[in-house]
Amino acid sequence: MNTIKPVFTAIALALVAVAAAPSARAGDTLLMQRVQQEKGMNLPTKGMSMADVERRFGAPTSKLDSRGGGSSKQPVINRWMYPGYIVYFEKSHVIHTVLNTPAGNNTNPQSPK
């Protein structure tokens, strides 16, 4: 009787793992599609200066409050919003451009989640 409970627990865990696996693959596919979409777009690239970004892409719709800057290990991060994407700068150079997602999880980066 004592061996039956661990067997049922193991079976239940295996079923949960199998059920979760397809959703992980679907998430990977969505991420790959998003990366391919970003590659095909004309977006600010890593290393561009703020002046270069503004000259090439125009003024942002808004410039969000900077974050960090408390130490050399936490440099100032600036964020500029454009329609469809957000540009992240470390000090004054682009470190990443992120598309706004259909799920809306980065369309309002001013408010913490």
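This is a predicted model: local features need pLDDT of at least 70, side-chain atom pairs count only at pLDDT 80 or more; totals for chains, interfaces and linings use all residues.
**Asn 78 and Lys 91**

I started with the side chain of Asn 78, where a polar atom sits 2.8 Å from the backbone oxygen of Lys 91.

Where does Asn 78 lie? I found Asn 78 in strand 2, which covers residues 77-82.

Buried or exposed? I looked up Asn 78 next. Its relative accessible area is 16%, so I put Asn 78 down as buried, the cut-off being under 20%.

Then I asked which residues Asn 78 is in contact with, leaving aside its neighbours within four places in sequence. My list reads Met 50, Ser 66, Val 87, Tyr 88, Phe 89 and Lys 91.

**Salt bridges**

How many salt bridges are there? I count two.

I took Arg 55 and Asp 52 to begin with: their side chains meet in a salt bridge, at 2.8 Å from N to O. Both residues belong to helix 2, residues 50-57. They are three residues apart there, about one turn of the helix.

Arg 55 comes out at 63% relative accessibility, and since exposed means over 50%, I log Arg 55 as exposed. Asp 52 has a relative accessible area of 31%, so it goes down as partly exposed.

My other entry is Glu 54 with Lys 63, whose side chains meet in a salt bridge at 3.9 Å, N to O. The cut-off is within 4 Å, so this pair counts. Glu 54 is at 31% relative accessibility, which I log as partly exposed.

**The chain as a whole**

I stepped back to look at the fold elements. The chain has two helices and four strands, and reading along the sequence I get the pattern α-α-β-β-β-β.

What share of the residues counts as buried? I have 23% of the 113 residues, and Asn 78 is buried too.

For the surface, I noted an accessible area of about 8200 Å² for the chain, with 60% of that belonging to carbon and sulfur atoms.

Last entry, on contacts between residues at least 6 apart in sequence: 36% of these join residues at least 24 apart.

Note on methods: Residues are numbered from 1 along each chain as its sequence is written. Side-chain values use heavy atoms; hydrogens and water are left out. Buried means under 20% relative accessible area, exposed over 50%, partly exposed in between (1.4 Å probe, protein chains only). A polar contact is a pair of N or O atoms within 3.5 Å; within protein, one must be able to donate a hydrogen and the other to accept it, and residues adjacent in sequence count only if both atoms are side-chain atoms. Contact means heavy atoms within 4.5 Å. Accessible areas come from the Shrake-Rupley method with a 1.4 Å probe; for residues, only the protein chains shown count as cover.
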